Structures are given as structure tokens and as C-alpha cells.
Protein chains: 2
Amino acid sequence: MNDEAMDLRARNSQATREAIGHAALRLAIEQGPNGLALVRVHDIATAAGVSPRTYNNYFSSRAEAICAFQADQSRRVGQALRSRPADEPLGRAVVAAVIELYTDPEPDKAGLRMIMSTPELEGEALRAFTMAEGPLAEAIAARTGTDPGRDLFPAVTAAAVAGAIRVAGRHWLEPGNTESFATTLRRALSCVLPVAPPEGPLGR
Amino acid sequence: MNDEAMDLRARNSQATREAIGHAALRLAIEQGPNGLALVRVHDIATAAGVSPRTYNNYFSSRAEAICAFQADQSRRVGQALRSRPADEPLGRAVVAAVIELYTDPEPDKAGLRMIMSTPELEGEALRAFTMAEGPLAEAIAARTGTDPGRDLFPAVTAAAVAGAIRVAGRHWLEPGNTESFATTLRRALSCVLPVAPPEGPLGR
DNA sequence: CTCACAACTTGCGTGTCACGCACATAGTGC
DNA sequence: GCACTATGTGCGTGACACGCAAGTTGTGAG
């Protein structure tokens, strides 16, 4: 998982992937939600220091490149939950994992706003957030000892959590909102998780 | 809302829109999830009896056309909830509304499978399901008397419900599953809603 | 009933894009 | 050091989204 754990090839791949994604997002932000069509593939590739053809080896659409950071973030959610102590109640563990993952650095507001308020990016942004569901569901199933093939609880809960994160992001971006993202996230998650306030051993 | 309530123009528009969407979905199903690239715009337009340029006036991508039926379905969810008796508890009302809307005719398995198991359609399919959230959130807010601007509950619950519907669909499509969609839906929704079982005034 | 206006459809032209293919280059393991 | 494989790149090919400017059809006022 660490950069050190991969060979040179993998690290180079990862680096160019991130370079392209970063360049794509930066250019998109520069043009704003309405000028997305002006962000040409050629520009992204040039800004990332690769050929347009190479850009296309990593991403098959601009939207995918621009939303790559969010997708990567989502992929880490399962891992974050697994790293919580096993005796922690599910609700508490999920909240803690999500908060930690999504507020380690406070998210980049411009980037989030870009991918969440640009119609042409909506589908890809949803994909990015939804990528959290699979790993999350597995982690929840592992923690609760349920069979994901029969019981819908893990998958539904994962979807609900992903949805809550999304709603929290949207709300946090609204103008005139001064809350920290952590607070918004907590409020949103408390709507779908049987989580007790700080005190109380409420399992499930 | 009824066909009769619109003038000729609107009804023609609606008709061609549905014709294009229907043709797109049908052709996509014929080619299967792996042959989506073989479904050309020209074919869709021809099958729907319009020019390729007209197809493009209604939809700006094949994915959008193929998923149109699901998007239309999602737009009705808010209305379905509003038509439930006002004294019904929220959970019961949502479940009843969703069940009624999504099982009036049992959904077309081939269509659902197409849009839910084709990677290139994933983003658009998510968009289609997510379209339920806005109206649903408003209807929930109206029913619970909460202010959607401050309270996250309506939006989060709407997202959770939409997610549950999606998960239910995925599970229902799994091979070897003989459950009715209504049953699967009920099971999924019960994971995110404080709803009593179908029979008996049994709390939780 | 007629006529002017608005909405819709259509053909054409343009710029962009995704991707297959073939070749050059760099990393890897024996 | 040497094959071998993965990756970067240039080029060519279809396909597509969309602007524009007719042509066509529905709508409402006089």
C-alpha cells in the first residue's frame, strides 16, 4: 500500500496517474464548472508531462481523470474501517473511520465543488463515491459476521454511509456554511447509523 | 402528469423521447453488456424512427438514452411518497411508496441487468437512481416538517433509501435468486428505515 | 379561416475524442 | 549482460456531440 512496497514500475505508474489526475482537476478548477469543455485532453496531458495517448492509457474520459482523487479516496474506506479496534460498536467504528479518512486533511473545497456541482461530471462523481461501497460492505460484513450473499445489511449500510458522505459534502459546500467538515459528516452519519452519542454501549 | 394534460407538442415530445429511450435500451440488451460499443447512434435513431440529429436533441449520450426509463422512474418517487396518507409513519409510508412504484409491473430484469452490470453505463445508471433523491428528500421534509436547509435528515434518508433500492436491485438480479422484487426491496429498506414488519403494529 | 409566430426536426460541417496498432524505451529477473 | 515484459508514444480510424441554418408542423390571435 505504501509507495515503498511497490517496485519501480508500479511507483512510476502511480506517479503519472496522480500527475494526470492532479493536472486534470487543476485545469478543470481553473475553467470553472461551466468551462469544462475548454479543458482539452491535450492540455491535461501536456500539463502532466505525458503524451495525449498516454493520458488515454490511464483514463478513458476527462471526467474519470478529474474525479480520480475522489475515487482513490473512496477505495480506502474499507481499509479505514478494518483498522478500527474490533471491539468498537459498528456505528462508532464507521463514524470514526470515515471522519479520520475524510478530514485528515480538510478536503479541498475547490476540488470537491468542481466534481459535485458540474453536471457533466455528475455521473463520474457518483461512481467515485460509490466505489467506497464494495470495500465498505465487505468490512462491515467481516465486522458483524454476516454473510454478504444472504444478508443485505452490509451492502445497504455501506450504500447509506456513502450516500451520507455525499450529502454531507454537498451541504458543507453550500455558501455561508462555516461548520467544519467533520461536524457535518458526523451529523449526516448519525442519520443512518445506530450510533449512540459518545456514551453508551449500543451494539447491533 | 397524464398524457391528456399536455398539448399535442408535449405529447409528441414525450412519445419520441420514450421511443428513443425504448429503442436504445432494446438494442443495448440485444448486444449484451459487452457489445455496447456496437450500438451506434444511427441504429438507435433509425429504430426509433427519427434522425440521428434528433436523437441528439433528446439525449446527449447513448448512456443517457439507455438509462432514461430508470431516470423517469426515479423522478416519480417523491410524488409516490406524497400520495401516501399523511398520518402514516414515515418509514411505513416510504416503504409502501417505493414498493408500489417499483413493483407495479415487476421491473424488466433484462433492462435492469443491462444498466446495472455494464461498466460503461455505471455512471449514468447511478445518476438515474440518484435522481430520486431530490424529490424524495423534499417529500420527506414536507412530511416530517423539517427544514431541508438546516436538517440533514431528509437528504440523508433519501440517499439511504435510493441506495437501498439500488442494492436491492443488484441482489435481486443475482443468479439463483427467486425472491420477488417486493420482498427484496422490503428487506433492503428495513435496514435503513425505522419500519415495523409488514404485519402487526410491532415496533422495533 | 388565415396568417404570423414558435417549437420541432433534419442535414451538414466541425472539432474532439477513444482506441487499435506498431514501434521505441525502460525495468526486471535469470 | 541478456532476453522478456510492461509502459510510453505517434499515427490512423471511426464515432460522436453540437452549432448552424433551413424546412416542417403545431398554436393562437385577429
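Helices (H or I, at least four residues) and strands (E, at least two) are DSSP runs, numbered from the N terminus. A residue is near a molecule or strand if its C-beta atom, placed from the backbone, lies within 6 Å of it.

## Basis of the model

This is a predicted model, in which local features need pLDDT of at least 70 and side-chain atom pairs count only at pLDDT 80 or more, whereas totals for chains, interfaces and linings use all residues. Residues are numbered from 1 along each chain as its sequence is written, and chains are lettered from A and ligands numbered from 1 in the order in which they are written.

## Surfaces near the DNA strands

Around DNA strand C there are 20 residues, of which A:Asp7, A:Leu8, A:Ser60, B:Ser51 and B:Thr54 come nearest. At least two residues of this surface are supplied by each of helix 1, helix 2 (41–48) and helix 3 of chain A, and by each of helix 1 and helix 3 of chain B. Helix 1 of chain B gives the most, with 4 residues. By class, the surface near DNA strand C has 3 nonpolar, 10 polar and 7 charged residues; here Ala, Val, Leu, Ile, Met, Phe, Trp, Tyr, Cys and Pro count as nonpolar, Asp, Glu, Lys and Arg as charged, and the others, Gly among them, as polar.

DNA strand D is likewise surrounded by 20 residues, and the closest are A:Ser51, A:Thr54, B:Asp7, B:Leu8 and B:Ser60. Helix 1 (8–31) and helix 3 (52–58) of chain A, with helix 1 (8–31), helix 2 (41–48) and helix 3 (52–58) of chain B, each supply at least two residues of the surface near DNA strand D. Helix 1 of chain A gives the most to this surface, with 4 residues. The residues near DNA strand D comprise 3 nonpolar, 10 polar and 7 charged.

## Interface between chains A and B

In chain A, 23 residues are in contact with 23 residues of chain B, contact meaning that the C-beta atoms of two residues, placed from the backbone, lie within 7 Å. On the side of chain A that touches chain B, helix 9 (122–130), helix 11 (153–173) and helix 12 (181–189) each supply at least two residues. The largest share, 12 residues, comes from helix 11 of chain A. This side of chain A divides into 13 nonpolar, 5 polar and 5 charged residues.

## Nonpolar core and buried helices

A residue is buried if 20 or more other C-beta atoms lie within 10 Å of its own, exposed if 12 or fewer, and partly exposed in between, with C-beta atoms placed from the backbone. A nonpolar core is a set of buried Ala, Val, Leu, Ile, Met, Phe, Trp, Tyr and Cys residues joined through C-beta atoms within 7 Å. The largest such core has 123 residues, and those with the most contacts inside it are A:Val156, A:Val161, A:Ala164, B:Val156, B:Val161 and B:Ala164. Not counting residues up to four places away in sequence, A:Ala164 touches A:Ala188, A:Leu189, A:Cys191, A:Val192, B:Val156 and B:Ala159.

Of the 21 residues of helix 11 of chain B, 19 are buried, so this helix is largely enclosed by the rest of the structure. Helix 7 (residues 90–103) of chain B has 14 residues and reaches 20 Å from its first C-alpha to its last, close to the 20 Å expected at 1.5 Å a residue; the expected span is 1.5 Å times one less than the number of residues. Its buried residues include B:Ala93, B:Val94 and B:Tyr102. Among the elements that cover the buried residues of helix 7 are helix 6 (77–82), helix 10 (133–144), helix 11 (153–173) and helix 12 (181–189) of chain B.

## Individual residues of chain A

A:Leu136 is found in helix 10 (residues 133–144) of chain A and counts as buried, with 26 C-beta neighbours inside 10 Å. Leaving aside neighbours within four places in sequence, A:Leu136 is in contact with A:Val77, A:Gly78, A:Leu81, A:Ala158, A:Val161 and A:Ala162.

A:Glu18, in helix 1 of chain A, is partly exposed, with 15 other C-beta atoms within 10 Å. A:Pro194 lies in the segment after helix 12 of chain A and is also partly exposed, with 13 C-beta neighbours inside 10 Å.
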